[in-house]
Each structure stands twice: as structure tokens, then as C-alpha cells.
Amino acid sequence: MKKIILSTLFLLTGIIAFCQTQRIPSVTITDLDGGGTDISTLVGNGKITVIDFWATWCVPCKKELTNIAEYYDEWQKKYNMQLIAVSIDDSRNASKVKPYVDGSAWTYKVLIDENGDLKRALNFQAVPYVIVVDADGNIVETHNGYVDGDEFLLEDTLKKLSGAN
């Protein structure tokens, strides 16, 4: 009888946790000009938002963002989306972010989570880490790591969320 009750309790807890909508937490991080931005104010404004966590020392991260850059203008128009690249470089490396972004000519909004506050709030360990947020501000997908071609899987998600064919 105890096993049945415990099993039911675990099942109900899992269902409740699964059904709860997860959202981007209200955490202020730094923009490239040194100002503070509450990341939660940038999502859920009628646009699909991709938040891509990266670092200047992470080769797959930089490759992912560079590969996405090829399609970004098209995706913005087709899927009504935006990408926010959030660097997790710490205080020793944060000064390298702006020169790297300028040299890469990325048109994304770039923020720096220098103290790791957003990373801790979202509870992930490694980059690259991608979060897809729907137009209503709900986290609908996460992805860790990058291999060539993952940008096409991301585009599939954007298609589904936007209803585009």
C-alpha cells in the first residue's frame, strides 16, 4: 500500500511540475555599454526569443553564433524572432566580449552575465546553451552543446512556434 501511495505521489508531482510554465527569471545583467538590463523584460513581447549562452573561450559557442548569423536577418522576418547572445565570461574575460562581437559583426543583442546570476537562476552548467522562449514568454525548449547543423533544428522549432511553412 505504501508503494502505491508513494508511486502515485511521485507521478502527481511529476505531472504538476511538467504542467507548470517555466519563464525567464527577472535578473539584471550588463549590456555592452555597461548598463543593466533585466532579461525578463526582453522576452514575451510578441516575438519568439532565442537566448544563446556563450563565452569568448568557447569555440563551439562562437561557431554556433557565427553560423546562425548567416540566417538571422531572414529568420527575423520569417519567424518574428530575436536572438539575445548572453556571454558568461567572468570579470577576467568580460573585457574581451565587446571587441569579439564587434569583430564578428553580429547583429544580435549581446549581454554579459559576468557574475553568473542568470546562469545560476536557470541552473545550467555548460555552454553553448540555448533557450527558446515563445511569443508569450514561456520557455518551450532548451538545448545544450553544438554540432554543425544544429541551427537547422533551431529553425524547425522557430517554424513550429511561428506557424510558418
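Analyst: The link between C58 and C61 is right-handed, with 75° about the S-S bond. In this predicted model, the two sulfur atoms of C58 and C61 are placed 2.2 Å apart. Because two cysteine sulfur atoms count as a disulfide when they lie within 2.5 Å, the pair C58 and C61 qualifies at 2.2 Å. The structure holds one disulfide. Both partners are covered: C58 is buried, and C61 is buried as well.

The wider chain gives the setting. Five helices and seven strands make up the secondary structure of the protein chain. The protein chain has 165 residues, and 42% of them are buried.

The aromatic rings come next. The count comes to ten aromatic pairs. One of them joins Y71 and W75, whose ring centres lie 5.8 Å apart with planes at 15°, so this pair is stacked. The cut-off behind that step is that planes under 30 degrees apart count as stacked. Both Y71 and W75 belong to helix α2, which covers residues 59-79, and they are four residues apart, about one turn of the helix.

The two rings of this pair can also be described by their cover. Y71 has 24% relative accessibility and therefore counts as partly exposed, whereas W75 has 0% and therefore counts as buried. The boundary needed here is that buried means under 20% relative accessible area.

Another aromatic pair is formed by W106 and Y108. Their centres are 5.9 Å apart and the angle between the planes is 45°, which makes the pair tilted. W106 is buried because its relative accessible area is 8%, and Y108 is buried because its relative accessible area is 6%. W106 and Y108 also take part in a cluster: ring pairs link them with W54, Y72 and Y100.

Key
Residues are numbered from 1 along each chain as its sequence is written. This is a predicted model: local features need pLDDT of at least 70, side-chain atom pairs count only at pLDDT 80 or more; totals for chains, interfaces and linings use all residues. Side-chain values use heavy atoms; hydrogens and water are left out. Buried means under 20% relative accessible area, exposed over 50%, partly exposed in between (1.4 Å probe, protein chains only). Helices (H or I, at least four residues) and strands (E, at least two) are DSSP runs, numbered from the N terminus. Rings of Phe, Tyr and Trp (its six-membered ring) pair if their centres lie within 6.5 Å; planes under 30 degrees apart count as stacked, over 60 as edge-to-face and the rest as tilted.
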